[in-house]
Amino acid sequence: MKPNDLPIDLPTPYYYYDMELLERTLEVVKTESSKYGFHVHYAIKANANPHLLECISHYGLGADCVSGNEIQRALSCHFPAWEIVYAGVGKSDREIELALQEDILCFNCESLAEIQVIDEIAGRLGKKARIALRINPNVDAHTHHYITTGIEENKFGIYLYDLETVITEILKRNHLELIGLHFHIGSQITDMTVFRGLCLRANQIQAQLKARGLSLPHINFGGGLGIDYADPYRKPIADFQAYFATFARFFEPAPHQQIHFELGRSIIAHCGNLVSKVLYVKEGKNRQFVILDAGMNDLLRPALYQAFHKIENISSDAAEEKYDVVGPICESADCFGKEVTLNTTRRGDIIVIYSCGAYGEAMASRYNLRDLPGSVFSK
Ligand code: LLP
């Protein structure tokens, strides 16, 4: 997957998207999920670039949104409203109105307070809101603590000890239709036993609901499937086969229940690389710095989560040396990797940072009043 065909004469930094790899990935997602009749939504937060969204919607995936603007972006990129789900702990009144007016598939609700507001707004608009309960199942995803979402100390979802009360409240209300359960326990999970744990917890919860006569037509397990950041050449496509097979094996669906997923990273991460140019090579104390024209404003993951991304100098095949690869931002956290082995590097060389299609461009900012990175597509 080394991008030999990179258009290196373009102004850097920019995200370079391998559209062939995206299409191959989507083929695998479709093949593996359709073995079990699973329904996959793309988590727009991972990358909301319209060109990528058009490609993903074309493959028939639904959309998972976390804001009103994401819902609008999904609709404008041809995701049908009835394939859109909407989660988030802080939905504003305006966003709730928009989702109701657009008649999306459902709200994934995260608290009783939110459910009460949705009921009121739906009543005012003369609508019935389809809702699913996002459950905080208290299953530890064993991933970075910033991207763990399914344990009780997190702000996400309805806690198991509140579930009975919440359901009783919903059944009293007139403008709500409870259609499902929703989970999302975290991101960058590569250990399938974590997902097995989620299935077993979901089975228990469904049994509890059945005992009170409730059987819901939809269940949504969120996203979370991780990728191999260390070796993107060897495994450019995530292990969708093992992921979906785990749910098929351990989850016991209610009769006619539709099973949904919301995958972000595993679909788009390996398809995007950040291309940047070396501004300077600077000698430091016992180290050399490669100073790029890309910074933490273009790719925040290493600074925020100490995330590893493979880095290469594609302009040089001289002997290898160790460098700290940093950006131009006024913060010491603006570092893409310490002691990175690169071919001997000089001003003007092109450096590629791999596997940043997910949560790369989407989290870029204009910090230091820098321009946003560009995006370039292989097709
Ligand atoms: N569904 C919900 C409700 C979510 O909150 C997320 C991600 C997903 C689905 C998609 O999860 P994925 O398949 O991408 O793991 N910025 C962090 C990741 C944050 C994930 C937030 N939620 C990073 O760069 O690692």
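Predicted model: local features only at pLDDT ≥ 70, side-chain atom pairs only at ≥ 80, totals over all residues.
I'm counting a salt bridge when a side-chain nitrogen of Lys or Arg sits within 4 Å of a carboxyl oxygen of Asp or Glu.

**Entry 1, the two domains**

Next I went through the contacts and found 17 residues of domain 1 touching 19 residues of domain 2. The size of an interface is often given as the accessible area lost when the parts come together, and here I get about 1600 Å² buried between domain 1 and domain 2. Carbon and sulfur atoms give 58% of that area.

How many salt bridges run between domain 1 and domain 2? I get zero.

With the same rule I counted 15 salt bridges. I picked out the pair R212 and E164, whose closest N and O atoms are 2.6 Å apart. Where do R212 and E164 lie? I found R212 in the loop between α7 (192-211) and β9 (218-220), while E164 belongs to helix α6 (residues 163-172). The pair therefore ties together parts that are 48 residues apart in sequence.

Two packed helices are described by the angle between their axes and the distance between the axes, so I looked up both. Helix α3 (residues 68-76) packs on helix α4 (residues 93-102) at an angle of about 30°, and I get 9 Å between the axes. Angles under 35 degrees count as roughly parallel, and α3 and α4 are therefore roughly parallel to each other.

Which residues make the contact? On the α3 side I list G68, I71, Q72 and L75; on the α4 side I list E95, L98, A99 and E102. Sorted by class, I have four nonpolar, two polar and two charged residues in this contact.

I checked the peptide bond joining T12 and P13 and found it cis, with omega at about -5°. P13 sits in the segment before β1 (14-17).

I also looked at N368, which is not a glycine and yet has a positive phi, about 65°. Where is N368 found? I located N368 in the loop between β16 (350-353) and β17 (374-377).

Terms used
Residues numbered from 1 in each chain as written. Heavy atoms only, no water. Axes fitted to C-alpha atoms, helices over the stretch in contact; angles between N-to-C directions. Helix = DSSP H or I, 4+ residues; strand = E, 2+ residues; numbered from the N terminus. Parallel < 35°, antiparallel > 145°, perpendicular 65-115°, else oblique. Contact = heavy atoms within 4.5 Å. Nonpolar A, V, L, I, M, F, W, Y, C, P; charged D, E, K, R; others polar. Buried area = accessible area lost by both parts, 1.4 Å probe.
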